[in-house]
Amino acid sequence: MADDKIFISYNQQMRKLRNNKHIICFGSKDKKTLVRMGYFNIVNGYKAPFTCGVDINGDHIYLPNTSLDALYKLKTFDDELRLLLLKYITQIEEEVRTLAGYKFDQCNDNGKIPWYDANAYSTNSRLQNKMNAISSAYSELSSSQLDYVKFYMDNHSSIPTWIMIKVVNFSTFINILKNSKTTVTHSICKLYDMMDFNGKPNVKLLIGSLNWLRKVRNACAHNERIFCIQQSPDQKRKNTGRIIEKYISSLRSSYCRDSDKRIFDLLVYFKYYLPNNEYQKMMTTFQQMLANLQNHVSPNAFDSIRGKMGIKDITDLDILKSLPKATIPYNLFDTFI
């Protein structure tokens, strides 16, 4: 067919970038980039911030002096961002799973009411929701190839809560947590100072933040573009849009008017979950990465990238870092009810 894409060599790809797209692309350095990254991955994947409209043929018009190296710098930034976020998301995921498993057993007569008993969950949850969570957990345990899961399956009458919590998918864990007794969710909220504007445990923030961490983590694991990830509100599903909490409310009002979740929301959630010294270190690393990118792309392109991450102004990152944060009282967690 006439519209089918035909094979073109790397040298032809470079000529196409120069002549058709007016992207600066010369020499062995740029050819090496195309060979290593692939035309689709680097050009089609990261062109958006460098475009300023379309011509009469529907082809993208690129910002003046756009270079392949600039696109490469954005891809490099995105790769580094993916690793940075994945590091802290998996750390938080492991910690929250551990806390939830401990509190789940503690409030269920020290584990005497097992996790596969509907009575171990909140009386405010529908029975169908509780049974769905239990069924998903049992199915995932049954199909697990992990040695310690098989050992318990073969040698014990039941799987303990801590193993179930550790093994199930992130989405299943969140569903179990959402249907757990209020002691579980409220204790975790209190630990991380997730309180609403009335001083009550903000379970909506807890579940919504974990779901956004899960979505970003999955995108990172599948090597998808991260800097531009977003989620718009879904009227049929709760906690899908931006959650207005104390940190967002302390920033410029435009953050409260924007209903989409983006990378900036993740930075806000990290402020709850990470001890302050770890949070400051993470934010400093992120800011250094942004500063390096800013030095290699045009101001218009950088503003587009910043906007896609949900950052209204670079100075807002310093403001977010400086907002007061309570010390996480891990040593008191077993006393929370």
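I count a charge as sitting over a ring if NZ of Lys or CZ of Arg is within 6 Å of the ring centre and within 35 degrees of the ring normal. With that rule I looked up lysine 271, which lies over the face of tyrosine 247 at 5.4 Å from the ring centre. I also noted lysine 103, placed over the face of phenylalanine 333 at 4.7 Å from the ring centre.

Before going on, I record that this is a predicted model, in which local features need pLDDT of at least 70 and side-chain atom pairs count only at pLDDT 80 or more, while totals for chains, interfaces and linings use all residues. Residues are numbered from 1 along each chain as its sequence is written, and side-chain values use heavy atoms, with hydrogens and water left out.

Next I turned to the aromatic rings. Rings of Phe, Tyr and Trp (its six-membered ring) pair if their centres lie within 6.5 Å, and planes under 30 degrees apart count as stacked, over 60 as edge-to-face and the rest as tilted. By this rule I have 11 aromatic pairs. One of them joins phenylalanine 151 and tyrosine 152, edge-to-face, at 6.0 Å centre to centre with 85° between the planes. For accessibility I use relative accessible area (buried under 20%, exposed over 50%, partly exposed in between, with a 1.4 Å probe and protein chains only). Phenylalanine 151 is partly exposed at 46%, and tyrosine 152 is partly exposed at 22%.

Tyrosine 192 lies in the loop between helix H9 (182-191) and H10, and tyrosine 273 in helix H13 (residues 263-273), so the pair ties together parts 81 residues apart in sequence. Helices here are DSSP runs (H or I, at least four residues), numbered from the N terminus. Tyrosine 192 is buried at 2% relative accessibility, and tyrosine 273 is buried at 1%. I also found Tyr102, Phe333 and Phe336 linked into a cluster by ring pairs.

Last, I checked the backbone. Most residues other than glycine have a negative phi. I place asparagine 223 in the loop between helix H10 (203-221) and helix H11 (246-249), where asparagine 223 is exposed at 55% relative accessible area.

Note on methods
Helices (H or I, at least four residues) and strands (E, at least two) are DSSP runs, numbered from the N terminus.
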